[in-house]
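Please examine the sequence and the structure shown below.

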Amino acid sequence: MKKRIAVYPGSFDPVTNGHVDIIERACKNFDSVIVGVLINRHKKPVFSPDERAEMIRKSLKHLPNVTVDCFSGLLVDFMRRNNITVAIRGLRAVSDLEYEFQLAHTNRLLYPEMETVFLMPNVNYVYLSSTTVREVASHGAELTGCVPPCVADALREKFKNEPA
């Protein structure tokens with residue numbers, strides 16, 4: 001029987017509890033889930049790809065079927081190189097839908113074997129985004145419930161000397 005492998009791609013700058021929720025549920029439906037940390041040269045991330053990957057590993061150490069890998073370029077190229085045909089995408093709100101559908105259709109044009117599986121996070125996390133978390137963290141606000149503890153620690157450290 002063929003092993004069911006999926007990739008969950010994203011910037012994860014930083015990983016949030018919403019991401020963790022999606023990954024935990026994806027792990028129940030796939031034999032292996034690869035969290036693909038995108039290195040996007042057009043963005044100026046707070047954390048390096050290696051820092052993001054390490055925070056994800058720490059946050060998901062309870063999931064034995066998860067691996068973390070960094071990649072740049074097109075998702076479909078990463079998927080081909082790793083013989084993966086399923087991508088997981090999270091949908092928080094209707095506003096995500098148009099962009100995600102556009103992306104899924106474009107990816108499928110480039111890689112016809114690819115399927116995109118959409119998962120919605122737990123209702124407690126639909127408001128969460130990495131952008132919002134970074135903004136809140138930059139003002140020194142409490143992050144309990146938003147991110148795993150190791151991520152909250154990393155954010156506090158990153159922003160400790162910056163003016164609010």
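Two residues are said to be in contact when they have heavy atoms within 4.5 Å of each other. The model discussed here is predicted. With that definition in mind, consider L60: leaving aside its neighbours within four places in sequence, L60 is in contact with V20, I23, V35 and V66.

These contacts lead to a wider picture. In soluble globular proteins, nonpolar side chains tend to be buried together. Here the largest nonpolar core has 34 residues, and the members that touch the most others are I23, V35, I56, L60, V66, I88 and L155. Both helices and strands take part: at least two residues of this core come from each of β1 (5-10), α1 (17-29), β2 (32-39), α2 (49-59), β3 (66-72), β4 (86-90), α5 (130-138) and α6 (149-159). The greatest contribution, five residues, is that of α1. There is also a second, separate core, which consists of eleven residues, including F71, F78, A87 and M114.

The aromatic rings may be considered next. A pair of aromatic rings is described by the distance of the centres and the angle of the planes. The structure contains three aromatic pairs. One of them joins Y8 and F12 in an edge-to-face arrangement, with 5.3 Å centre to centre and 65 degrees between the planes. Y8 counts as buried because its relative accessibility is 6%, under the limit of 20%. F12 likewise counts as buried, because its relative accessibility is 3%.

Another pair, formed by F71 and F78, is stacked, with 4.6 Å centre to centre and 25 degrees between the planes. F71 and F78 are both buried, and both belong to the second core.

Key. Residues numbered from 1 in each chain as written. Predicted model: local features only at pLDDT ≥ 70, side-chain atom pairs only at ≥ 80, totals over all residues. Heavy atoms only, no water. Core = buried A, V, L, I, M, F, W, Y, C linked by side-chain atoms within 4.5 Å. Buried < 20%, exposed > 50% of the residue type's maximum accessible area, 1.4 Å probe, protein only. Helix = DSSP H or I, 4+ residues; strand = E, 2+ residues; numbered from the N terminus. Phe/Tyr/Trp six-rings, centres within 6.5 Å; stacked < 30°, edge-to-face > 60°.
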